[in-house]
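This report goes through one protein chain by topic. Please keep the sequence and the structure open while reading.

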Amino acid sequence: MCGNTMSAPLPAIVPAAKKATAAVIFLHGLGDTGHGWAESFAGIKSPHVKYICPHAPVMPVSLNMNMAMPSWFDIFGLAPDSQEDEAGIKQASENVNTLIEQEVRNGIPSNRIMLGGFSQGGALSLYTALTTQQKLGGVIALSCWLPLRTSFPQSSINCINKDISVLQCHGDSDPLVPLMFGSVTSETLKKMLNPGNISFKIYSGMMHSSCIEEMMDVKKFIDEHLPPID
């Protein structure tokens with residue numbers, strides 16, 4: 001999926017039980033694959049929704065002493081002022097746009113396609129939703145942050161998804177992506193988008209992971225914004 005990296009295998013997919021009239025594209029975190037998230041969505045699936053969990057290409061990651069691992073883009077550090085892989089983030093976002101376009105060609109309108117992700121994948125889903133030319137059905141941003149945030153205006157932005165609904169979730173005990181990152185991201189999104197459509201949920205005791213309560217909130221969000229159509 002990325003220029004100078006090994007091509008990633010085909011996504012893990014949870015097919016719709018009947019004709020797919022909506023889709024969720026969900027991006028895993030650093031060093032992971034789409035399989036675990038596909039299993040999670042299989043546990044909360046709705047019959048008309050197709051869940052697509054792509055695998056990141058394998059690349060050296062600066063944060064982890066250049067060890068090669070599945071990664072959507074390079075990460076140099078986890079501090080708020082760390083250098084960011086701008087070219088890599090933009091390329092990865094283009095790859096996500098390609099996945100959206102594939103589903104549109106499959107017959108699912110873009111406003112019935114929801115983007116989401118965990119950690120690095122959540123960061124990429126937020127960035128893509130704010131920069132894509134496709135009108136989307138919502139964003140699920142778990143334990144993440146907004147990358148390249150200084151490239152966006154500090155106030156309202158004129159993007160096709162200005163009124164998009166965002167479900168942001170974070171654990172209050174996250175040692176890797178601290179809750180503060182999520183809180184700052186939520187406040188930034190409220191300035192840029194319609195603040196009434198930004199929901200930020202905090203889970204007591206949750207670390208850099210997910211929990212059943214969070215997944216039930218994700219299911220509720222998907223069902224609300226991608227309801228069945230006759």
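## Model and confidence

The mean pLDDT of the protein chain is 93, and 95% of its residues reach 70 or more; pLDDT is the predictor's confidence in each residue, from 0 to 100. The model is predicted: local features need pLDDT of at least 70, side-chain atom pairs count only at pLDDT 80 or more, and totals for chains, interfaces and linings use all residues. Residues are numbered from 1 along each chain as its sequence is written, and side-chain values use heavy atoms, with hydrogens and water left out.

Over residues 1-6, pLDDT stays under 50. The model has 19 contacts beyond four places in sequence for this stretch, where contact means heavy atoms within 4.5 Å.

## Helices α1 and α5

Helices (H or I, at least four residues) and strands (E, at least two) are DSSP runs, numbered from the N terminus. Two packed helices are described by the angle between their axes and the distance between the axes. For α1 (residues 35-42) and α5 (residues 212-225), the axes come within 11 Å and cross at roughly 70 degrees. That makes α1 roughly perpendicular to α5. Axes are lines fitted to C-alpha atoms, for helices over the stretch in contact, and angles run from 0 to 180 degrees between N-to-C directions. Angles under 35 degrees count as roughly parallel, over 145 as roughly antiparallel, 65 to 115 as roughly perpendicular and the rest as oblique.

At this contact, α1 contributes Trp-37, Ser-40 and Phe-41, which meet Met-215, Val-218 and Ile-222 of α5. The contact residues divide into 5 nonpolar, 1 polar and no charged (Ala, Val, Leu, Ile, Met, Phe, Trp, Tyr, Cys and Pro count as nonpolar, Asp, Glu, Lys and Arg as charged, and the others, Gly among them, as polar).

## The loop between β7 and β8

Ser-143 lies in the loop between β7 (138-142) and β8 (166-171). Ser-143 is buried, with a relative accessible area of 0%; buried means under 20%, exposed over 50%, and partly exposed in between (1.4 Å probe, protein chains only). Beyond four places in sequence, residues touching Ser-143 include Cys-169, His-170, Asp-174 and His-208.

Most residues other than glycine have a negative phi. Phi of Ser-143 is near 50 degrees, a positive value. Leu-148, in the loop between β7 and β8, has a positive phi near 50 degrees and counts as buried at 6% relative accessibility.

Asp-163 is also placed in the loop between β7 and β8. Leaving aside neighbours within four places in sequence, Asp-163 is in contact with Asn-194 and Asn-197.
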